[in-house]
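Here is a brief report on one protein model. It takes up charged pairs, then the sheet and its helices, then the surface.

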Amino acid sequence: MASGLAGKVAVVTGAAGGLGAASALRLSREGCRVVLVDLDGDGARRVAASLPGESVAVAADVSMEEDVDRYLDEATNSFGKIDFHHLNAGIPGSVGAFPDLTTGEFDRVMAVNVRGVFLGLRGAFRGYRAAGGAGSVVLTASIASLRGSADLIAYQTSKHAVLGLLRGAAMYGGPLGVRVNAVAPGIVPTALFSPSGREDMARRAASAPLRRAGTPDEIASVVAFLLSADAAYMTGEVVSVDGGSAIVSTVRPSGGAGAWDFGGLDERTYGREEQG
């Protein structure tokens, strides 16, 4: 059990499934009262009903200022305070070729993944200031915050931006006793993906040093640690939970150099553009 979580109040966004649901369950088991926030209100309520401890579910769009204010108000009205925030909500966006991306697709990803985190952080700081107390925040970053790829352009841009928010918030919060850290998951198949998508993710994850994909529970355990008093001297950190993927040198044999079919890869990546 992590230190200092029992009896606290934690807000988790994107809590209707996947990483958010696992985080809510872990924090509930640690003794937190949990506020589950998701655009899918019914999904959030189903997860809340499955938790062992007290909880409340709120349907909200994290990219909307008034919705963020409302979920924070509902959390405070329900439990009197908020100690912890796991700002996890995010969307992947289009995997389309760079020239084919629309501004609408790009803006929607940035609204949820960047403005949503900004609004959540700002709301957390306002709450801590009003309460005259300290707290802890964890952001969900990604291996896409640390590396590049030729697809998911809007997503990886947004997740790089999350690290900018992380570092600014950690600098601001440190003197106030507010710690802000981030977890950077690698490949973690969840029910949010199709069966074929999860199968492909498991295949790709086999190239990681641990030779497997991760689980939502494994990410949730790191979130709980970062929120807890066990991480009391950590702030501004990005903790990779990716089976070692972020350390791989792809130009060395042990990192798969020469093992990939780049002809087939380039055909899939760029052939579609020529056909379009």
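## Salt bridges and sheet

A search of the whole structure, which is a predicted model, finds ten salt bridges. Side chains of opposite charge can pair when their charged atoms come close.

| Salt bridge | Closest N and O atoms | Helix |
|---|---|---|
| D42 and R45 | 2.6 Å | helix 2 (residues 41-50) |
| R70 and E74 | 3.6 Å | helix 3 (residues 65-79) |
| D200 and R204 | 2.9 Å | helix 6 (residues 195-205) |

Take helix 2 to begin. D42 and R45 sit three residues apart, about one turn of the helix. D42 is partly exposed, at 47% relative accessibility. R45 is partly exposed too, at 43%.

In helix 3, R70 and E74 are four residues apart, so about one helical turn separates them. R70 has a relative accessible area of 31% and is partly exposed. E74 counts as partly exposed at 29%.

Helix 6 holds D200 and R204, four residues apart, or about one turn of the helix. D200 is partly exposed, with a relative accessible area of 29%. For R204 the value is 35%, again partly exposed. Shared partners also link salt bridges: D67, R70 and E74 are joined into one network.

Seven strands form an open sheet in the order 3-2-1-4-5-6-7, and the pairing is parallel. Which strands stand at the edges? They are strand 3 (55-59) and strand 7 (238-241). Each has a single partner strand, so one side of each lacks a neighbour in the sheet. On average, neighbouring strands are turned by 15 degrees against each other, direction ignored.

Strand 4 (residues 84-87) pairs with strand 5 (residues 135-140) in the parallel sense, over four bridges. H86 has V138 in strand 5 as its bridge partner.

Helices cover this sheet region. Helix 5 (residues 153-173) lies across strand 5, strand 6 (178-185) and strand 7. Helix 5 runs at about 160 degrees to strand 6. Helix 7 (residues 216-227) packs on the sheet and touches strand 4, strand 5, strand 6 and strand 7. The direction of helix 7 makes about 165 degrees with that of strand 6.

Last, the surface. W260, F262 and L265 make a nonpolar patch of about 300 Å². F262 belongs to helix 8 (residues 262-275). With a relative accessible area of 47%, F262 is partly exposed. Patch members need over 30% relative accessible area, so F262 passes that cut-off at 47%.

Terms used: Residues numbered from 1 in each chain as written. Predicted model: local features only at pLDDT ≥ 70, side-chain atom pairs only at ≥ 80, totals over all residues. Heavy atoms only, no water. Patch = residues over 30% accessible without salt bridge, like charges linked within 9 Å, V, L, I, M, F, W, Y side chains within 5 Å. Areas by Shrake-Rupley, 256 points an atom, 1.4 Å probe, with all protein chains shown as cover. Salt bridge = Lys/Arg side-chain N within 4 Å of Asp/Glu carboxyl O. Helix = DSSP H or I, 4+ residues; strand = E, 2+ residues; numbered from the N terminus. Buried < 20%, exposed > 50% of the residue type's maximum accessible area, 1.4 Å probe, protein only. Pairing = 2+ DSSP bridges. Axes fitted to C-alpha atoms, helices over the stretch in contact; angles between N-to-C directions. Contact = heavy atoms within 4.5 Å.
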